[in-house]
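This report goes through one protein chain, from single residues to the chain as a whole. The sequence and model come first.

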Amino acid sequence: MSGAPPGSRFVRVGGVPHHVTVTGSGPVCVLSAGLALCWFDWDPVVPLLAPHRTVVRFDRPGHGLSGPAAEAPTARGEAARVAALLDALGLAGEPATVVGHSLAGFHAEAFARLHPARAAGLVLVDSSVEEAPRPPRAPALRTAAALAAGTALAAVGAPAALGPAARRAAVRLSRAGHAPDPAPAEPVRRCYRTRRVLRGALLENAHYTAVAAELAAVRARYPLPAGLPVAVLAAPGSPRADDRWTARQRDLARALDARLTVVRGAGHLMMLDRPDAVAGAVLQR
């Protein structure tokens, strides 16, 4: 794809070109962002990690600069995607620490469970949590509805007219103190004015519950590797961290035998608000 930023490359996995950046040297860590986010949302974290780690960022299909999503996401599929990308980059020789933010926390945990020999650590950054998810009915209809909605919105010009502004608004709502979106205007326009990114976000959102339910089934069958360092970073929803969201993060940490860190001064987009906390969790692996 044209117009990729310096240091980018494209790796084909499952027939889809994936936009990837590799920075730094040392043990490998993979950064995977949440729903509708892009590689550049990790920009504040990368300078803190690159002197010590080989930092891999990638855009899932339909996100960032990657090609359109060819199929609905699954927990197993996203775990396999991380493994395939590392293989394609020539980084299969050593285990990787996988960092998953929000929805991508499901993917990162699935990778650690399904590819245990390849996992050096797991860091969940304000990860999505579903305590008792049930597989939704008619997943094919959900896929069709998401794609149809994307087509209809694109036909009336919604991505070009509203995409960047919607991105900016969503980031403000997800940051501590409603801080502004720090992403430069040019990559935001390049990504969020496209029908491809709109459809990718709608597709992942439509299958959120299905991925959560699949991960629950994976948990029941595949334990985390013995001794795997696991960190759960939680952005508290109240000054005293006594809110329901923080309690759910505590429960997640307990279930995974993980170290919980309540990160003050951070909203859901912790990598923007407290990149030091995210990098610190990785470097403690």
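## R167 in helix α5

R167 is found in helix α5, which covers residues 158–173. Helices here are DSSP runs of H or I with at least four residues, strands are runs of E with at least two, and both are numbered from the N terminus. At 5% relative accessibility, R167 counts as buried. Buried means under 20% relative accessible area, exposed means over 50%, and partly exposed lies in between (1.4 Å probe, protein chains only).

Neighbours within four places in sequence aside, R167 is in contact with L37, F40, D41, D181, A183, V188 and Y192. Contact means heavy atoms within 4.5 Å.

## Basis of the model

This is a predicted model, in which local features need pLDDT of at least 70 and side-chain atom pairs count only at pLDDT 80 or more, while totals for chains, interfaces and linings use all residues. Residues are numbered from 1 along each chain as its sequence is written, and side-chain values use heavy atoms, with hydrogens and water left out.

## H101 in strand β5

Strand β5 runs over residues 96–101 and contains H101. The relative accessibility of H101 is 1%, so this residue counts as buried.

Which residues does H101 touch, not counting those up to four places away in sequence? They are S32, A33, G34, L37, W42, V125, H268, L269 and M271. For H101 and L269, 168 residues apart along the chain, the C-alpha atoms are separated by 8.2 Å.

## Nonpolar cores

A nonpolar core is a set of buried Ala, Val, Leu, Ile, Met, Phe, Trp, Tyr and Cys residues joined through side-chain atoms within 4.5 Å. In soluble globular proteins, nonpolar side chains tend to be buried together. The largest nonpolar core of this chain has 38 residues, and those with the most contacts inside it are V30, V56, L86, F111 and L122. Helix α2, residues 75–88, gives the most to this core, with 6 residues.

With residues up to four places away in sequence left out, F111 touches A79, V82, A83, L86, V98, P116, R118 and A119.

F10 is found in strand β1, residues 8–13. Its relative accessible area is 29%, so F10 is partly exposed. From F10 to V20 the C-alpha distance is 6.0 Å, and the two are 10 residues apart in sequence.

R219 has its place in helix α8, residues 208–221. At 30% relative accessibility, R219 also counts as partly exposed. Apart from neighbours within four places in sequence, R219 is in contact with E109, R113, L252 and L256. R219 and V11 are 208 residues apart in sequence, with 29 Å between their C-alpha atoms.

## Positive phi in two loops

D126 lies in the loop between β6 (119–125) and α4 (139–155). Its phi is near 45 degrees, a positive value in a residue other than glycine. Is D126 buried or exposed? With a relative accessibility of 2%, D126 counts as buried.

D257 is found in the loop between α9 (244–255) and β8 (259–262). Phi of D257 is near 55 degrees, again positive in a residue other than glycine. D257 has a relative accessible area of 72% and is exposed.

## The chain as a whole

The chain has 11 helices and 8 strands. Its radius of gyration is 18 Å, close to the 19 Å that the globule rule gives for 285 residues, so the chain is as compact as a globular protein of that length. The radius is taken over C-alpha atoms, and the globule rule is 2.2 Å times the number of residues to the power 0.38. The C-alpha trace spans about 50 × 40 × 40 Å along its principal axes. Of the 285 residues, 52% count as buried. Among contacts with a separation of 6 or more, 77% involve residues 24 or more positions apart.

The accessible surface comes to about 12000 Å², and 57% of this belongs to carbon and sulfur atoms. Accessible areas come from the Shrake-Rupley method with a 1.4 Å probe; for residues, only the protein chains shown count as cover.
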